[in-house]
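We will start with the whole chain and then visit a few residues together.

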Amino acid sequence: MNFEIDEQQRDFAASIDAALGAADVPAAVRAWGDGDTTPGRKVWAQLTDLGVTALLVPEKFDGIDASPVDLVVALERLGYWAVPGPVTESIAVAPILLADDERSAGLASGELIATVALPPQVPRAVNADFAGLTLLASDDQVSDASIGTGHDSVDPARKLFDVTATGAAQPADTARAYEFGVLATAAQLIGASQAMLDLAVEYAKQRTQFGRIIGSYQAIKHKLADVHIAVELARPLVYGAALALAEGSPDIARDVSAAKVAAGDAALLAARSALQTHGAIGFTQEHDLSLLLLRVQALRSAWGDPTLHRRRLLEVLS
């Protein structure tokens, strides 16, 4: 059985990399954290042009109706570049909650960006001050919501907001929407892990200590190899969870939680190793690694922290 992504999916990922690599995303993230979302909106416009915002929107609303695997391909790259905004919520969750809602066309066209609160696991909506639509979902229902008090996150570009339902509740598959939220977050963690590993490898080729390039030391080689192995072990679990969702497997909860735990662990290891390789410079605001370090800390607890997903795994397997 072949678990590799196909040529079209590889080309899709490459097109995202090309666009975001030329977009100065780190500058957009820093501006976002300072309250200026204009550069970030330009990044989102590029995602729309590439079809990313339309991935899970039904074809009847001018969407692509793509598979969860295609979603993972895209969101891993968005995680790699640390794209700001409600990525999981607008691209992966809102299309599920608004499955038969004509506003889905706005998601596909990029005219509408949505964020979601889904208590108890997701009690607040991220970037609700940026989104054009805020949704509150629970108990197989979804309603429009108004935003209330804002709360700072460990990642300045991910401000969280209390929300209150304002519209009439409509039926929605909130359980499936939650699984897509977890999957999308895990995919971004894999991308962020790879980005931090790449930064660490490049820096290890340049930094000298005791007259030698630090990348020549066995301890550094082993540390970075451990990160590579962790990422390569977690990535198949993320794609496996995507296949479970695509096929309607009875093991969706197990596979999605396993993916989130593995992706979170790989990202934490990548963060620690990258910071140790860079030294103190890696955590300065001027260094792009700092943006990934903060994003990983935020995403590890988003859509269920590691404890919640380990508990869910235990319940499923016991």
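Accessible areas come from the Shrake-Rupley method, which uses a 1.4 Å probe. For this chain, the accessible surface comes to about 14100 Å², and 52% of that belongs to carbon and sulfur atoms. Keep in mind as you look around that the model is predicted.

Now for the overall build. The chain has 11 helices and eight strands, and its C-alpha atoms fill a box of roughly 70 × 45 × 35 Å along the principal axes. How does the radius of gyration compare with that of a compact globule? A compact globule of 318 residues would have a value near 20 Å, and the chain, with 19 Å, agrees with this. Of the 318 residues, 53% count as buried. If you take the contacts with a separation of 6 or more, 68% of them are between residues 24 or more positions apart.

UniProt, in an unreviewed entry, places the feature "domain: Acyl-CoA dehydrogenase/oxidase N-terminal" at residues 7-85. That span is 63% helix and 0% strand, with its end C-alpha atoms 29 Å apart. An unreviewed UniProt entry also puts "domain: Acyl-CoA dehydrogenase/oxidase C-terminal" at residues 183-315. Here the chain is 77% helix and 3% strand, and the end C-alpha atoms lie 19 Å apart.

Let's zoom in on one residue, leucine 224, which you can find in helix α8 (residues 218-247). Is leucine 224 buried or exposed? Its relative accessible area is 10%, and buried means under 20%, so leucine 224 counts as buried. Setting aside neighbours within four places in sequence, leucine 224 is in contact with Leu197, Ala200, Val201, Ala204 and Thr277. The C-alpha atom of leucine 224 is also 9.5 Å from that of leucine 269, which is 45 residues away along the chain.

Next come the charged residues. Side chains of opposite charge can pair when their charged atoms come close. The count in this model comes to 15 salt bridges. One of them joins arginine 30 and aspartate 288, with N and O 3.0 Å apart. Arginine 30 sits in helix α2 (residues 25-33) and aspartate 288 in helix α10 (residues 288-301), so this pair links distant parts of the chain, 258 residues apart. Both partners are partly exposed: arginine 30 has a relative accessible area of 26%, and aspartate 288 has 35%.

Arginine 235 pairs with glutamate 76, their closest N and O atoms being 2.8 Å apart. Because arginine 235 lies in helix α8 and glutamate 76 in helix α4 (residues 68-80), the pair ties together parts 159 residues apart in sequence. Arginine 235 and glutamate 76 are both buried.

Arginine 254 is partly exposed at 28% relative accessibility, whereas aspartate 255 is buried at 18%. Salt bridges with shared partners also join Asp17, Glu76, Arg77, Glu232 and Arg235 into one network.

Finally, look at arginine 158, in the loop between β4 (141-151) and β5 (160-165). Arginine 158 is buried yet has no salt bridge, and the nearest side chain of opposite charge, glutamate 89, is 4.8 Å away. A salt bridge needs the nitrogen within 4 Å of a carboxyl oxygen. Beyond its close neighbours in sequence, within four places, arginine 158 is in contact with several residues, including Val126, Asn127 and Arg295.

Terms used. Residues numbered from 1 in each chain as written. Predicted model: local features only at pLDDT ≥ 70, side-chain atom pairs only at ≥ 80, totals over all residues. Heavy atoms only, no water. Helix = DSSP H or I, 4+ residues; strand = E, 2+ residues; numbered from the N terminus. Buried < 20%, exposed > 50% of the residue type's maximum accessible area, 1.4 Å probe, protein only. Contact = heavy atoms within 4.5 Å. UniProt positions renumbered as here; feature names shortened; annotations may be inferred. Lys, Arg positive; Asp, Glu negative; His and termini not counted. Rg over C-alpha atoms; globule rule 2.2 N^0.38 Å.
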